2 protein chains.
Amino acid sequence: MTALETALAATAAEVNRTLDALMPAMTGPEARVREAMAYGSLNGGKRLRPFLVVTSADLFGVPRSRAMRVAIALEYVHCYSLVHDDLPAMDDDDLRRGKPTTHIQFDEATAILAGDGLLTLAFEVLAEPETHDVAQVRTELVLSLARAAGMEGMVGGQMFDLQAEALRTGSLDLDAITRLQSMKTGALFRFACESGAILGQAPDSARKALRDYARDMGLAFQIADDLLDAEGTEEQVGKKVGKDAAAGKATFVSILGTDGARRKAREISDRAVKHLDSFGKKGDLLAQVARFVVDRRT
Amino acid sequence: MTALETALAATAAEVNRTLDALMPAMTGPEARVREAMAYGSLNGGKRLRPFLVVTSADLFGVPRSRAMRVAIALEYVHCYSLVHDDLPAMDDDDLRRGKPTTHIQFDEATAILAGDGLLTLAFEVLAEPETHDVAQVRTELVLSLARAAGMEGMVGGQMFDLQAEALRTGSLDLDAITRLQSMKTGALFRFACESGAILGQAPDSARKALRDYARDMGLAFQIADDLLDAEGTEEQVGKKVGKDAAAGKATFVSILGTDGARRKAREISDRAVKHLDSFGKKGDLLAQVARFVVDRRT
């Protein structure tokens, strides 16, 4: 394993423990929603977003326990979006990473509530005093996450994506796809990196550098995702592939071709790394992430 | 109209204007989610929760514009819960106050996203500096609303309710039903009243008095709701009635009978009013609310 892979695995293990630990214990019939929330969030993911939070926070010497709380809040939001996306009315997926999706394992009503519960819990965790002793930092985190996750961020991106399919605008151009992905997946990546700077009460220049890094890294991630969908095998990627082409969806690959998309991903990943210059050696791990998301096989 | 009815109508009009005004403008295909969010929240409701926020805040001389922002955030949460509750996988309701529900007017996927968007927007509005110039107040509002709306509050109450139905425990006793309602509907009422005290940076005693008032008022409200379902006509109440009995659901009425339930509602409403003693004359409007929720015909 590379140094990055070792660090990713260690963080993922810590994330898995903490995801459960930060959910209040429950008894009574309502405990079912907690079970579904835990099921939907302990999904075997790479935990890339939490890793970006703790790694960005490390640049500013933020205590691990604080960074981990923000990482968990963000992962709750990411996982709620997966639980709701998998619903029959949305992507209608029965499996995620080889396991039944939450509405299959439980039922649709429980999955809707579990998603709602995860989203709400994210803001609860951010607002609690344990996240930072300065209240201004906590409200900034809440505000940034709400903007990233909401109608002008992830939720808006989902709507954009559904509308593009419904209107059969298979002809989205590069600008439109870039904007769609910037909302749908990019916004949470930007929050991941910026939250480290917020926690560290870092100067605006560092904050901007991380946001720029995250924008490019997130875009490279998405182009690589499209490449995996076009070229990967189901076994290797761990989910259905070829879905975009089958649906006639415009993607970075359908517009640029596989070679063009690969070139573009590399180019944007290089640009992402450049934004880290001001952090010097301390930025190495984030630079490795930018290369990793392009070269990954899953 | 009574003084209370006049005040309720004036606040409802202001709420309707502000619900829309606090949603960011959107263009592009994703604007559909904003349309659905506006549709789902401009639903002709009484706006009782917002009224409780502004009336509680008035006790402490909180500027109207701040109280209204909190009122709107709470109403976004209430409305998101209605949009998700109406979904086919949940209560499967096609009509609400005589209008098609959000998933009928748009589609299920859009309704899911609109609910997610409203919930997220609520936290965004609370965290913005315009809500209060003291960041500590804003995080307290976020934390209280998240707890009220989440797995230990409203979402947990919904799960409890679904489980009670699924397990056919039509035999919930009075304590269980009281606990269920305290989570499902009571938690948002408690936030409504307590948020006024948070905004006003009021002493703990005032905060406790408002929480106690809200607990009893909310319970009286719920008993009256069960009575309307048992005795009202569809025309009068504005929604399907007799649903609880048809479903064999345990309610305050099925346990206490209509006379017993009515007596209990009055008794609890009186108790709610007593908690307002320390506010003197200033508590009059809240006292009227406690009487109104018991005597209302819709």
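**View 1. Helix α3(A) and the elements around it.** The cover over the buried residues of α3(A) includes α1, α4 (64-85), α9 (174-199), α10 (204-231) and α14 (284-295) of chain A. This is a predicted model, in which local features need pLDDT of at least 70 and side-chain atom pairs count only at pLDDT 80 or more, while totals for chains, interfaces and linings use all residues. Residues are numbered from 1 along each chain as its sequence is written, with chains lettered from A and ligands numbered from 1 in the order in which they are written. Helices (H or I, at least four residues) and strands (E, at least two) are DSSP runs numbered from the N terminus. Ten of the eleven residues of α3(A) are buried, so this helix is largely enclosed by the rest of the structure. A residue is buried if 20 or more other C-beta atoms lie within 10 Å of its own, exposed if 12 or fewer, and partly exposed in between, with C-beta atoms placed from the backbone. Among the buried residues are Leu48(A), Arg49(A), Pro50(A) and Phe51(A).

**View 2. Where α1(A) crosses α3(A).** The axes of α1 (residues 3-21) and α3 (residues 48-58) of chain A come within 9 Å and cross at roughly 105°. That makes α1(A) roughly perpendicular to α3(A), a label for angles of 65 to 115 degrees; under 35 degrees counts as roughly parallel, over 145 as roughly antiparallel and the rest as oblique. Axes here are lines fitted to C-alpha atoms, for helices over the stretch in contact, and angles run from 0 to 180 degrees between N-to-C directions. Look for Leu8(A), Thr11(A) and Val15(A) of α1(A) meeting Pro50(A), Phe51(A) and Val54(A) of α3(A). Two residues are in contact if their C-beta atoms, placed from the backbone, lie within 7 Å.

**View 3. Arg47(A), in the loop between α2 and α3 of chain A.** Phi of Arg47(A) is near 65°, a positive value in a residue other than glycine. Arg47(A) is buried, with 24 other C-beta atoms within 10 Å.

**View 4. Arg97(B), in the loop between β1 (95-96) and β2 (99-100) of chain B.** Arg97(B) also has a positive phi, near 50°. Arg97(B) is exposed, with 11 other C-beta atoms within 10 Å.

**View 5. Pro29(A) beside chain B.** Pro29(A) sits in the loop between α1 and α2 (31-41) of chain A. Neighbours within four places in sequence aside, Pro29(A) is in contact with Phe160(B), Gln163(B), Ala164(B) and Leu167(B). Pro29(A) counts as buried, with 20 C-beta neighbours inside 10 Å.

**View 6. The side of chain B that touches chain A.** The contact takes 47 residues from chain B and 47 residues from chain A. On the chain B side, α2 (31-41), α6 (108-127), α7 (135-149) and α8 (154-166) each give two or more residues. Helix α6(B) supplies the largest share, twelve residues.

**View 7. Ala220(A) in the nonpolar core.** Of the 196 residues in the largest nonpolar core, Leu145(A), Ala220(A), Leu145(B) and Ala220(B) touch the most other members. Such a core is a set of buried Ala, Val, Leu, Ile, Met, Phe, Trp, Tyr and Cys residues joined through C-beta atoms within 7 Å. Not counting residues up to four places away in sequence, Ala220(A) touches Ala265(A), Ile268(A), Ser269(A), Ala272(A), Ala290(A), Val293(A) and Val294(A).
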